[in-house]
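The entries follow the order in which I looked things up.

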Amino acid sequence: MFRAPVYRSDLFLALAHAGGDAREREAIARLWGFEAGDAKEEEKSATITSPAPLPQAPPRQETPAPPSPGDHFPLWRATRLAVTPEETLAEKRRPCEKINTVPHVTVEQLSERHGAPLPGRPLIRWARLWPFLKRILGHHAPSSTPDIPQTVKLLALCRPLTRLPFRPRLKWHPRVRVLVDRRDGLAPFWGDYDRLLRRLGRIRGANGLSCTWLAPDSDSPTGFADVSPAVAQGRDIFRLPRGGTAVLALGDLAQYLGGRHQQAWLSLGRRLRASGIRPWALCPCPPSRWDSRMARAWNLAAWDRNGRLPLGPRGRMPDHGGETAVDANTLSRMLSPAVRVEMGLLRDLRMLLPQAEVGLEYDLFQAPDTTGNPLGLMFQGGRLRDIRATLREETPDRLAPVVAAILRHHAYAPAYLHFEILALRYWLVDGQWNELVISNIIPGDALEKATIFYQGFLRSVRDQHPGFSDAATAGVLGRDLERLDTNAFATQTERQIAWVLAADLKPGDPLPDHIDSAVIAWVYHGLPAHEPNIMHGEGLIAGGRPGAGRFPMVGFKARERIFTVSKGGITRLMEWSGQSVFPPDDLRANPPIAISSGGEKYSLEQIFRPAWARRMWYDGYGLAAEFAVAGVAFVLRWISPGRFLMGSPEDEPGRWKPEGPQREVVIREGFWLGETTVTQAQWRTVTGNNPSHFKGPVELPVEQVSWEDCNDYCAKLNALGNGPVFRLPKEEEWEYACRAGTETALWTGGITIKGDSNAPELDAIAWYGGNSGQELEVENPYDAKDWPERQYKDAMAGTHRVKLKAANPWGLHDMLGNVWEWCEDLWDERAYEKSVAGETMAAAEERADRVVRGGAWDFRARFCRAAFRFGSGPGPRWLGLGLRLAAGQELGGGAAGSGSDPAGGAAGSGSDPAG
């Protein structure tokens with residue numbers, strides 16, 4: 001028989017009906033699988049074991065949360081860090097030294113043009129198109145040639161000939177109205193509109209031919225406004241053609257847009273038919289996207305190379321099959337090498353794909369990651385990085401027609417051609433480039449000429465060569481440089497110099513935020529490099545004014561005294577003078593902002609108190625936020641991104657092999673971290689139970705929780721919706737947060753290990769095997785009289801309430817000692833060696849061990865160092881093992897694993913994991 005699950009709420013209801021009968025209450029509990037506890041024991045630990053509300057629906061606090069600064073004004077936090085390697089920084093300086101050796105480029109060379117941009121291939125060849133146009137824009141009229149077959153037929157039927165029949169012939173209709181949909185989204189087809197109208201005017205004649213450019217207008221009775229060039233300024237209302245007029249629409253009839261956008265065209269088609277006009281539409285839109293309602297209101301013809309133009313008086317009905325086998329990504333990949341993508345180039349490259357329909361041009365022009373206008377389009381930076389990375393996988397024979405088309409379309413402007421060559425060389429691998437040169441697709445000397453031209457241009461602007469002092473002249477090329485992928489500017493010093501010189505920037509002026517401050521310093525100030533100057537503490541301030549509150553944000557390890565503060569497209573130069581630095585007012589107004597110097601770039605943002613926090617504040621440690629579950633408070637500290645030396649030096653006391661070799665690690669994104677380890681009260685309010693061995697104050701850390709238990713806890717906490725997405729910290733995050741900008745064994749300095757459990761420096765910051773018997777509050781302490789070499793000779797030991805020891809510089813308590821803390825990562829003794837050697841880390845195995853950090857109340861002094869690391873299986877639970885919450889990034893994790901207590905439990909009674 002199926003048995004429904006039983007929850008504590010059901011038990012509570014049953015016990016309430018039982019009244020005061022203790023035996024009945026006990027019977028009900030046993031019947032439903034619960035056991036009655038010892039009343040005295042429950043009374044002693046009431047603060048922990050009292051039933052908690054159901055985690056599925058914790059009650060909200062009735063009383064308002066205490067006010068915090070974040071309620072009224074935003075607080076600052078650093079969210080991301082990008083670091084440029086030293087080798088890259090050095091490489092960026094070398095081109096600066098070479099610029100003076102190349103000849104200047106003149107303004108005439110820069111603006112040289114040979115004709116206009118090439119048009120692309122037509123959608124349909126004119127030889128196919130004009131007979132169709134004559135059929136739909138013509139009518140049959142009698143000619144002067146007698147119709148002999150008709151005459152013979154009438155005579156054979158013995159019908160009298162009242163008049164001699166003449167043969168009909170197809171003539172152009174005397175009144176033709178062409179409606180052109182000039183919507184910006186159809187810009188790829190504007191050239192086709194113009195070619196058709198020009199040739200139609202020549203072959204038919206202009207008499208009786210009128211053309212109207214339409215734009216949507218919800219205020220017009222017809223839904224359109226006449227925006228033809230001949231219309232005076234001020235929008236004339238579009239008027240319907242007179243009856244008896246041949247009407248042809250050029251455009252998609254809003255079928256790409258769909259929905260309500262089509263209503264104006266549907267209404268127009270129906271009104272034209274009601275007036276006796278059979279309207280036609282030549283649609284640069286594949287039949288698979290046609291709307292059946294539109295096909296009944298208009299006679300539709302597909303305007304594309306593979307489109308079948310109707311022979312009869314009716315257009316085609318929508319065809320919902322035969323979708324193109326080519327998607328927009330394929331065409332995007334072909335276009336991605338080009339710095340400039342004119343409409344002709346877009347068309348020609350699409351025509352290289354036999355199965356690519358005309359809708360791809362519209363899709364690419366309207367894609368959210370492209371920016372288009374009637375002159376051409378360009379990809380946004382992130383899109384280009386993704387697409388162009390795939391170019392390196394293409395074979396030279398597939399690249400050849402693409403590159404040939406790009407160079408052919410830009411041959412009219414030598415300057416553009418040079419920049420196309422530079423862009424191609426940047427994106428193609430050596431093998432592809434060499435094959436294209438060998439096959440003469442790219443001339444052998446093209447790269448050398450392009451490089452010399454590019455560097456000569458930089459020199460001309462820098463030296464204010466005649467004509468180059470005009471910012472507008474330099475800006476022409478600056479706008480073209482902007483179309484390059486931003487990654488080119490991040491990795492090529494010449495690209496950055498081009499931005500600085502072409503814009504004629506001065507210190508204090510706005511500048512693009514991807515320009516390295518070292519380049520600016522070299523161009524304008526010639527500031528020499530000096531030893532790293534660490535700018536941190538109260539030195540670099542983000543927010544407020546001098547004397548109105550100082551909020552330390554980030555600490556640079558920079559060689560340059562010049563740095564930049566940027567927001568969006570606005571960046572300003574600033575100079576480090578050893579004093580507090582405040583971002584300019586116009587950048588502080590609407591964050592986020594970025595601060596860059598010497599290859600480091602921090603992103604800073606302002607944050608109001610989020611919905612999940614009942615208060616948020618900034619103190620001497622940094623940013624903190626508090627939320628509550630069923631009245632139990634949780635405090636999180638924001639850990640700013642940064643870089644640090646992970647591991648320990650070989651001469652550090654207590655070190656063992658898995659702590660090395662040391663290596664620099666970059667924490668690229670900020671994250672939330674619990675101010676303390678999870679307490680028993682915090683565990684109980686989420687799970688409804690308390691697995692801890694030690695009993696006493698509710699602020700004791702929870703222990704006897706496995707790695708699997710901790711992940712389940714995070715999942716339950718996330719299900720409550722009371723905070724950000726929680727998880728276990730990554731190992732590198734844990735050590736970064738523990739060190740808090742220091743490089744010593746402890747955040748307070750070095751460590752002196754006088755005995756197995758005797759390190760005096762730990763006394764102020766950690767509960768460990770040497771002092772965990774001091775000031776005991778637990779009700780069931782652990783027998784510690786046999787532990788050797790203790791700092792204090794106490795007979796008993798145990799965990800302690802959180803926050804009794806001093807916090808580290810980021811406001812985190814008990815990072816060392818009290819209880820071990822689970823990390824998300826797999827345990828690997830050789831993890832650091834593999835990282836330095838570039839070896840691939842082993843994949844997660846079933847029951848694989850996980851990393852634990854920080855030491856505990858019952859462990860030796862050497863374990864309570866920032867660098868000490870060990871592993872345990874994900875299943876075991878022991879009374880020195882807890883967790884600390886992390887949040888702010890996606891949940892990680894993998895398969896669970898198995899292992900054992902690294903020291904066998906109490907200090908002095910187990911094995912030393914370090915050997």
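Predicted model: local features only at pLDDT ≥ 70, side-chain atom pairs only at ≥ 80, totals over all residues.

Entry on cores. I looked up the largest nonpolar core and found 82 residues in it, with Tyr713, Leu717, Leu762, Leu816, Trp820, Leu883 and Leu885 having the most contacts inside it. Helix 27, residues 707-720, gives the most to this core, with 6 residues. For Tyr713 I set aside the neighbours within four places in sequence, and the contacts then listed include Phe634, Trp683, Leu883 and Leu885. I also noted a second, separate core of 76 residues, which includes Phe224, Ala246, Cys285 and Trp290.

Entry on strands. I followed strand 19 (residues 615-619) through a hairpin of 2 residues into strand 20, and the two strands pair in the antiparallel sense over 5 bridges. Arg615 stands opposite Glu626 of strand 20.

Entry on rings. My search of the whole structure gave 29 aromatic pairs. The pair of Phe627 and Phe726 is tilted, because the ring centres lie 5.5 Å apart with the planes at 35°; Phe627 belongs to strand 20 and Phe726 to strand 25, 99 residues apart. Phe627 is buried at 0% relative accessibility, and Phe726 is buried at 1%. Trp638 and Trp672 form an edge-to-face pair, since their planes meet at 75° with centres 5.2 Å apart, and both are buried. I then found Arg77 over the face of Trp638, at 4.2 Å from the ring centre, and the charged end of Arg113 over the ring of Tyr416, 4.9 Å from its centre.

How values were computed
Residues numbered from 1 in each chain as written. Heavy atoms only, no water. Core = buried A, V, L, I, M, F, W, Y, C linked by side-chain atoms within 4.5 Å. Buried < 20%, exposed > 50% of the residue type's maximum accessible area, 1.4 Å probe, protein only. Helix = DSSP H or I, 4+ residues; strand = E, 2+ residues; numbered from the N terminus. Contact = heavy atoms within 4.5 Å. Pairing = 2+ DSSP bridges. Phe/Tyr/Trp six-rings, centres within 6.5 Å; stacked < 30°, edge-to-face > 60°. Lys NZ or Arg CZ within 6 Å of the ring centre and 35° of its normal.
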